[in-house]
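Subject: Structure handover

Hello,

Here is the structure for your files. Please have a look, then read the notes below.

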Amino acid sequence: MITLYHAHHSTCSQKVRVVLAEKAQPFDTVFLELGKKDQLAPDYLKLNPNGVVPTLVDGDDVILESSVICEYLDERYPGTSLTPDDVVARAKMRAWMHFAEEVPVPAIRVPSFNRAFLYRFEGLDQAQFEAEQMNVRKVRKEMFQRMGKPTGFARKEVDIALGQLDDTCGRMQAALEHGPWLMGEQFTLADVLIIPAIDRMADLGLSHIWEGNHPLVGDWYERFQKRPSFAATFYKGSRVSDFLELHPLYVD
Ligand SMILES: N[C@@H](CCC(=O)N[C@@H](CS)C(=O)NCC(=O)O)C(=O)O
């Protein structure tokens, strides 16, 4: 049996939930509370030394990294394939997957923290922020260093992130001219890896980024919302605005 260690609102977990739903693959679930630092608990670090979610345990095997988990599930389990048969198309899909990891996934963390997650640092002074939040991270230390302080990312960082999200939507718009999906006719892991960032943009009130110049992204998002895997992934309580008060984007 598969066990997924994940968090309701974690964008990286959401990718994996989409794949499991697309494959109609049952799984056991262990939820972690990231605000309480469950992901840094010693027992969890034995499973995932990166101190992040998701982690997939399949029998005796532990699989890390959300995009790797998505490919693993698609290869390992039956059901609709989310990977093109053609080797060139497969390479192009993987380029989308890398792009998602390089650009929109890190970019969306910046407005997510400023608008929603700063409550985690409430009452912390600079020294506590560094000792209890920044320095305890495993793979996320660099992001906390860029934030630098418990009051959130500076305007310059927010603007860089918004520019990256706009670029992402531009790239998607160009691909979707040959849609309906990013790779054309077939719904693939390229779509799966991008959806959490797009849904989070909507959640944080950033959909204007595609509404003006990249309308095909809005059409793609609507199309995605009609898939049963969307409802299985983005259920009530999995969006930050479901359980957190949203704050202004800019903190300075
Ligand atoms: N590259 C990793 C990144 C995972 C990741 O950053 N997960 C976030 C949630 S989306 C997390 O666990 N954050 C907890 C923390 O930063 O301490 C993956 O794709 O699995």
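The ligand comes first. It has 13 residues around it, and S10, C12, V52, S66 and R140 come nearest. A residue is near a molecule or strand if its C-beta atom, placed from the backbone, lies within 6 Å of it. The shell splits into 5 nonpolar, 5 polar and 3 charged residues. Here Ala, Val, Leu, Ile, Met, Phe, Trp, Tyr, Cys and Pro are nonpolar; Asp, Glu, Lys and Arg are charged; the others, Gly among them, are polar.

Two notes on reading this. The model is predicted: local features need pLDDT of at least 70, side-chain atom pairs count only at pLDDT 80 or more, and totals for chains, interfaces and linings use all residues. Residues are numbered from 1 along each chain as its sequence is written.

Now the sheet. It is open, with 4 strands in the order β2-β1-β3-β4 and mixed pairing. The edge strands, β2 (28–31) and β4 (61–64), each pair on one side only. Twist averages 20° from one strand to the next. (Axes are lines fitted to C-alpha atoms, for helices over the stretch in contact; angles run from 0 to 180 degrees between N-to-C directions.) Strands pair if DSSP finds at least two bridges between them. Strands (E, at least two residues) and helices (H or I, at least four) are DSSP runs, numbered from the N terminus.

β1 (residues 2–6) runs parallel to β2, over 4 bridges. T3 has D28 of β2 as its bridge partner. L4 stands opposite T29 in β2.

Best regards
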